[in-house]
Amino acid sequence: MLKGGLYPSVRFPQMEAYELTRYSIFSLIKQGLIRHTGWKRAWRNPEPKAAYDVIIIGGGGHGLATAYYLAKLHGIHNVAVLEKGWLGGGNTGRNTTIIRSNYLLDPNAHLYEHSMKLWEGLSQDLNFNVMFSQRGVLNLCHSKAQTDAFARRGNAMRLNGIDAELLSRDEVRKRIPELDFSDQVRFPICGGLLQPRGGTARHDGVAWGFARAADQRGVDIIQNCEVTDFIIEGGRVTGVETTRGKITAGKVAMAVAGHTGVLAQKAGLTLPIESHILQAMVSEPLKPLLDTVVTFGAGHFYISQSDKGGMVFGGDIEGYNSYAQRGNLPTLEHVISAGVSMMPCLSRVRMLRSWGGTVDMTMDGSPIIGKAPIEGLFINGGWNYGGFKATPGSGWVYAHTIANDAPHPLNEAFTLERFARGRLIDERGAGANPALH
Amino acid sequence: MTGQPWRLENGGHIDRSCSLSFAFDGKIMEGHPGDTLASALLANGTHLVGRSFKYHRPRGIFSAGVEEPNALVELRTGNRQEPNSLATTTELFDGLEASSQNRWPNLRFDFSQANGALSRFLPAGFYYKTFMWPANLWLTYEHFIRKAAGMGIASRESDPDRYESRSAHCDVLVVGGGPAGLTAAMTAAEIGERVIVLEQAPHFGGWLRREKRTIDGSPAMDWVDAVSTRLSAMADVRVLTRTSAFGYYDHNMITAVERVQDHVPKSDPFLPRQRLWSIRAKRVVLATGAVEQPIAFPENDRPGVMLAGAARTYINEYGVLPGRMAVLQTNNDNAYRSAIDLLDAGARVTAVLDVRDHVDGHLPNQVRDRGVPILQGYGVVETKGYFAIRQVLARPLVGGPVRRYDCDLLCVSGGWAPQVHLHSQSGGKVVFDAEKGCFLPSEARQNCVSIGSAAGLFTLKDCLKGANGDDVPEQAIKPTWSLPNAPGRHGKRFVDFQDDVTAEDVALAHREGYVSVEHLKRYTTLGMGTDQGKTSNVIGLAIMAKLKGQNIPAVGTTKFRPPYTAVSMGAMAGRAVGHHFQPLRRSPMDNWHHDNGCKWVDAGLWRRPHFYTRPGEDVNSAALREGRTVRAGVGIVDVSTLGKIDIQGPDAAELLNRIYVNGWKKLAVGKARYGVMLREDGMAYDDGTTSRLSENHFIMTTTTANAGPVLAKLEYYLQAVWPELRVQVACVTDQYAAIAVAGPKSRDVMQRLIDLDISNDAFPFMAAAPCCFAGIAGARLFRISFSGELAYEINVPADYGQAAWNALLETGREDGVGVYGIEAMSAFRIEKGHVAGPEINGQTTIGDLGLGGLQSEQKHNIGKSLAIREGLIDPARPAVVGLVPVDGKTWIKAGAQLVENPDAPPPVAMLGHVTSIAYSGELNHPIALALLSGGKERAGEELYAAFPLRNEAVRVRVVSPHFVDPDGERMRV
């Protein structure tokens, strides 16, 4: 039975022995008085069962969010999330945490804006502070042509009901005087497109928050369990082979950013995806220096400051296909030269850590979320540079798709078939060239 | 001046004959050359240097190297201010200014120390559990959290210093100039290998500088000096001190940063501040040494608690006594060297607490013989003092009465951690050695080897070759990571000092299921500080392993990521910052444009004349005037930036056939043709004219933006897809200056300068020919028109571009020749409905652009097969249309979206968008091009060009995009 009885909670048969503590300032104080000895596991550590209604492969943000919404919104609780390593160990824990819905094309705008709306209530929904900080995302522009392109996007956002502001050079300067407004600059700043509701969130917290909330709704989260093969019978997926044995399921859903192509191949599918390395970096912790997420318009560079004080930044993918979660120096040099050129005071700031993640680059720069060509199998992948911001929205539409065996209107454009049909969602008009997305 | 009360009279590698003055928190003190900021502070009796991240606890100097978690200061001021600088590695110079950080208002009285009192409510990850109500207050909570977090304050000004980067190659790269590294370097150098040696400290010697050791009976530093002097003199050896190897990348590339001028009071403007080295080595020798590990005992973070090795470093390297009354807590023999050196330096050692039950080693016995009590099986259970340690309370580990020892220094040693970071970065594995209690490098993935203490070989015998050190036998270490509190006590046992992560936080992480190494790290922030956990990661891991009932290898270790020590972003960026961020490309006539009042516009890396100013004009009036000059007579514009690709070979026409949508085989010699190419996915990619100069020789022009990418695409197809084609391509963009000459009088002017008959019959529209122009041989003339007027384009070798330009201005004077910039040029093309970058935006097909008719059905070309996918031929696709304002005067804005009702509630259906705008000099009203869904059928319809970003919507009428001379008669006369 639930102890204390202060907080209402839903309980499911799978978790008879499991007690949960609601997080709040009161529980924190109460636990403080007993030296935090009363906190329970944030999520259980169950042995995999022989069968589930739904298996989700991949315990990152997207997979965990999918499990959460399956249980919360679709009444499907008999769900396993299988993670080959530790939760959030893929791109969820490696990205630069930027959240925005400043998209031009309708399908993108609607999907990411739905996600944005979920972010706006996520901490309360999950009862886990994911530190969603709507400090604004500002894209700098450096030429008339770029300003026109940003205006096009900003106007489209506004007409789609998404917040956007076109800032002049002076307005940008007032907001962030540390950017390079000197006459030494190679590409002077003309202005910028600001999405005030954009921002950042604590990436690890997102995985943990979804994990805890999904677990509380009966989802089995199983770490250190790698899927080695699909079981396909009569053209239908009926389960998976794992390093911890065979598990059967009515439906199997992939959410393995960075390895979508590899995993899909085990089901005999070849996807229009290339895997690339994307490096990210963080500086030493500093007192507040930058209150907005800023992207450079004259080079590929984006930066924000974490709540701990580190400047978190990134840029281009490496120039070759790879699954190594490590990059090389030339990209680092290039990215940082863009950063220092954009914000010269960064020059004396020290880079503390750099790391690489494997990103699935699709041939139009937009993700694939929907049914796979094999019955009972679902694909969520190909998030290119930016899957993190989509986490709740992606899980929400994916759960809908799995539960109903049909996509939600928000993700019906993001099919695998769109490549064959030429229904591309090419936000940047870069074509089938991941290095340009 | 305070004097230096803690400076020893003798010893240390400092220069007592010279005094350096420096300031810490405004207080002026003195030190000597050879000091670090930390050693100078200690010489002046200052242990308290900082505050911790979360609880703002007073913290002192803990180490003597890069592993320092506490002694972080803001160095220098103004535009050179550097937060989070390590006092322990900052070389002292005269006039150095440093301040403590993360405290307010001052170091001794810090308001935020209240966090310490509330610490029981602020365990690891507390922020995930609160600050959620009310939801809209998070930004407010966060504002204060951010202010409290962070460490130092960064300068907000531009860095005045300069950085540079260098590449180097060698046979053997040795990282680390201690005994092992020097021996390896000498061994390689002696057999004639090209050797580079990197040492992060200002001097070679490593731990030999820090201890009283002998080699072959003489002071060890004699050996170091002899070897390093010999190495420096060898022709194929490069030795770099103050150079920290921080990254190990693919293909045996090590990156290092050399601090060229960080140690000098006034920088030499002709030298960089720091230099980034990228060194590709055939073989890498990692002699990176080891870092001493502490033991987490209750209240182990007071100023005056110091690593044992650091204590003897301050004595031996800097001639500073870190304390007069010391206690040592250890689990190994090695740390007893500190007790001996402290005694030799005149300090009292009140007790040695050794967790081992039977201590009978060579070094411990020396200490015992000098009357120091060695308490076997003892551990610290509490410490007293606030700004400085005053007393240690110790107790048998098996339980028993507490003993108290007064002290002003508590040395701690938990053994040594080999610095396997670079080995791990290179892809190599690490294994845990349970006996030595540390991770060791194992299997290497690149051509590298770890030696000396970096490989867990801690004796001089393991490091030297052909020389003998004064090793003494040592008893085995007893791996110990944390000591318990006394029953009923809850003293904080800090694992990660900087981030205030305690053993209890690790236990909380375990309790809540954050048990994988990465979860532990991320949940508690263990090892996430500026020291990257050099003294905390292993302890945290060990505590977690114990809680899980597993051994350390079963829990695992995190991957080490670059950089090993933090690197300034300036060094990483090198010279490619500010106006050097990207090269600036200039046309051969750049100087003329500049001297004649042009306003520039960036076009990729190029700068191009936007318009030429006259008093009282803005861009629009200037462009109108320039356009009128052309239409009334003749004007010239610099088009040198357009891409020019020389294509030669028997299969040149075949290549063009495969690249462009239209056919090229039948193009006659001496003719130009407009071509458009597709991207592989069927979208329009680039356009331009290509001319056949001879049977097997074409010159292709591309847009300015795509000059490089198109060439790369041709190279790719020729090398990877069609190697059988006998064609060579070369970029000649920079080899030719290009000038467009347009206007009804252009023929008259050109004819006077050229050796060809260019009458309409002899040189009709789309003719092309080599020529001699204004006496310039090797020129090429094309009768092509972007402006829609009668026009020519003349290309001359780049060096003669200015001469050709001058000749046109001179010769055309009587015809009123003028110059025009790309604003006027753009207005011409918009009036003509010619598509350009804003329309060929990567999202449009040739059908959308009105160029669908160009696609040849007779042949195949890149992108053709994907261009017929249903999504690319959908009738609802956008098409290029013209727009005019219904009121005949309001400017339409580029980037406006076309809608039927701008005031409808969102989402508003968008039918298209405005791509290009101009003021038509011919029509005398603003015009625009747009991409509009189902465009052609909408001619005559009225829509709104909505610009909600400015709360504007202009009523527009859809018209043909060919505003002026729709049949193209003017350019054919």
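**A walk through the model**

Guide: Let's start in chain A, where helix α3 (residues 106-120) holds Ser115(A). Bear in mind as we go that this is a predicted model.

Visitor: Is Ser115(A) buried or exposed?

Guide: The cut-off for buried is under 20% relative accessible area. Ser115(A) comes out at 1% relative accessibility, so Ser115(A) counts as buried.

Visitor: Which residues does Ser115(A) touch, leaving out those up to four places away in sequence?

Guide: Sequence distance is worth a glance here: Gly85(A) is 30 residues from Ser115(A) along the chain, and their C-alpha atoms are separated by 26 Å. The residues that Ser115(A) touches are Lys389(A), Ala390(A), Thr391(A), Pro392(A) and Gly393(A).

Visitor: Over to chain B. How do α11(B) and α12(B) lie relative to each other?

Guide: Two packed helices are described by the angle between their axes and the distance between the axes. For helix α11 (residues 503-511) and helix α12 (residues 517-524) of chain B, the angle is about 120° and the axes are 10 Å apart. Angles of 65 to 115 degrees would be roughly perpendicular and over 145 roughly antiparallel. That is why α11(B) and α12(B) are described as oblique to each other.

Visitor: Which strands stand at the edges of the open sheet of 5 strands in chain B?

Guide: The order is β2-β1-β7-β5-β6 (chain B), with mixed pairing, and the twist averages 40° from one strand to the next. An edge strand here has a single partner strand, so one of its sides is left without a neighbour in the sheet. In chain B that applies to β2 (27-31) and β6 (82-86).

Visitor: Which residues of β34(B) are buried on each side?

Guide: In a regular strand the side chains alternate between the two faces of the sheet. Strand β34 (residues 635-638) of chain B is covered on both faces. One side has Gly635(B) and Val637(B) buried, and the other has Ile636(B) and Asp638(B).

Visitor: How far apart in space are Ala738(B) and Arg780(B)?

Guide: Ala738(B) sits in strand β40 of chain B and is buried, at a relative accessible area of 0%. Beyond four places in sequence, its contacts include Val637(B) and Asp638(B). Arg780(B) is 42 residues from Ala738(B) in sequence, and C-alpha to C-alpha the two are apart by 9.3 Å.

Visitor: What is the relative accessible area of Asp815(B)?

Guide: Asp815(B) is in the loop between α21 (801-811) and β44 of chain B. Among its contacts outside four places in sequence are Gly633(B), Val634(B) and Arg752(B). Asp815(B) is buried, with a relative accessible area of 14%.

Visitor: How many residues of helix α18 of chain B are buried?

Guide: The cover over the buried residues of α18(B) includes β35 (643-648), β37 (684-694) and α19 (707-721) of chain B. Helix α18 (residues 652-659) is largely enclosed by the rest of the structure, because the buried count is 8 of the 8 residues.

Visitor: Last stop: which residue takes a positive phi just after α7(B)?

Guide: Helix α7 (residues 336-344) of chain B has 8 of the 9 residues buried, so it is largely enclosed by the rest of the structure. Among the elements covering the buried residues of α7(B) are α6 (308-316) and β19 (348-354) of chain B. Just after α7(B), the positive phi of about 100° belongs to Gly346(B).

Key: Residues numbered from 1 in each chain as written. Chains lettered and ligands numbered in written order. Predicted model: local features only at pLDDT ≥ 70, side-chain atom pairs only at ≥ 80, totals over all residues. Heavy atoms only, no water. Axes fitted to C-alpha atoms, helices over the stretch in contact; angles between N-to-C directions. Helix = DSSP H or I, 4+ residues; strand = E, 2+ residues; numbered from the N terminus. Parallel < 35°, antiparallel > 145°, perpendicular 65-115°, else oblique. Buried < 20%, exposed > 50% of the residue type's maximum accessible area, 1.4 Å probe, protein only. Pairing = 2+ DSSP bridges. Contact = heavy atoms within 4.5 Å.
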